[in-house]
Amino acid sequence: RMKGPHPCWFCLLLQLVTGVPCDSGGVSASFSSRLTQGFFLLLTGAFTMAQVARLASTISCHAWNADRSMVAICPNSAEVWIYSNCHAPKTSEWEKKFVLAQHDLVVSGIDWSPATNRIVTCSHDRNAFVWNFDAAANEWKATVCVLRINRAATAVKWSPDGKKFAVASAAKSVPVCYYDES
C-alpha cells in the first residue's frame, strides 16, 4: 500500500473536476462514493464549473453534432436518443427530439460526422447503421451496413470527410466501410 499521494488516474480526474484532492493513499472505502460522484458530473465550460445532469440512468456512448446544439446518446440499450437545444446551460431545457431504434442489441458506438451531418451507430448485434436526416419528413432514415464480423462491434468513427467510417470489434478486426448514397 502506498503512502501519501498516488498516481491513480481516477483520483486525479476527480481532483481535476471537483477540486478535492485524494487522501486515501490507495483504493479505500470512499472509492464507491467518489466513483458515483464522478460519473454523474457533466462538465460545462471550464473545469472549475460542474453541473449534475441526469439524461439517463446510464449512458454507454454519445456524440455531438458539428455546432454542439444536438447530442446523440445511448442509454445502454438498443436505442439512440437525440436531444436538441443543447446550448441551454440547464439539461432540463434540453428536448428529446428523436429516438433511433434499429439495432437488436446494445448500441456501443456513435459518431456524428461534422462534414455530412450523418450519424453512424454500431452495436453488439454486429451491424452498423448510417442515419441520414430527411428534413421533409422530419425523421432520421437508417441504412444498414452488414460488417461480416463474428463478434460485437464496439466503437465507430467517421473519417474527416464523412465518406468512410471504421468500426472496431471484439473480434480484433477493424472493418473500414465506404458510404455511398446510391
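In strand β5 (residues 80-84), V80, I82 and S84 point one way and W81 and Y83 the other way, and all are buried, where buried means under 20% relative accessible area, exposed over 50% and partly exposed in between, with a 1.4 Å probe and protein chains only. Five of the five residues of β5 are buried, so the strand is largely enclosed by the rest of the structure. Strands are DSSP runs (E, at least two residues) and helices are likewise DSSP runs (H or I, at least four), numbered from the N terminus. The model is predicted: local features need pLDDT of at least 70 and side-chain atom pairs count only at pLDDT 80 or more, while totals for chains, interfaces and linings use all residues. Residues are numbered from 1 along each chain as its sequence is written, and side-chain values use heavy atoms, with hydrogens and water left out.

β5 belongs to an open sheet of four strands in the order β3-β4-β5-β6, with antiparallel pairing; two strands pair if DSSP finds at least two bridges between them. β3 (61-64) and β6 (95-100) stand at the edges with a single partner strand each, so one side of each is left without a neighbour in the sheet. From one strand to the next the twist averages 20°, based on axes that are lines fitted to C-alpha atoms (for helices over the stretch in contact), with angles running from 0 to 180 degrees between N-to-C directions.

β3 is joined to β4 (residues 71-74) by four antiparallel bridges. Three bridges pair β4 with β5 in the antiparallel sense; across them A72 stands opposite I82 and I73 opposite W81. In this second hairpin, with five residues between the strands, N76 takes a positive phi near 55°.

The pairing of β5 and β6 is antiparallel over five bridges, with K96 of β6 as the bridge partner of Y83. The charged end of K96 sits over the ring of W81, 3.6 Å from its centre; the criterion is NZ of Lys or CZ of Arg within 6 Å of the ring centre and within 35 degrees of the ring normal.

Rings of Phe, Tyr and Trp (its six-membered ring) pair if their centres lie within 6.5 Å, and planes under 30 degrees apart count as stacked, over 60 as edge-to-face and the rest as tilted. The count comes to six aromatic pairs. One of them, W112 with W140, is edge-to-face at 5.7 Å centre to centre and 85° between the planes. This pair links distant parts of the chain, W112 in strand β7 (residues 107-112) and W140 in strand β10 (residues 139-146), 28 residues apart. Both W112 and W140 are buried. The rings of F129 and W131 have centres 5.9 Å apart and planes at 40°, so that pair is tilted. F129 is buried at 8% relative accessibility, and W131 at 3%. F98, W112, F133 and W140 form one aromatic cluster.
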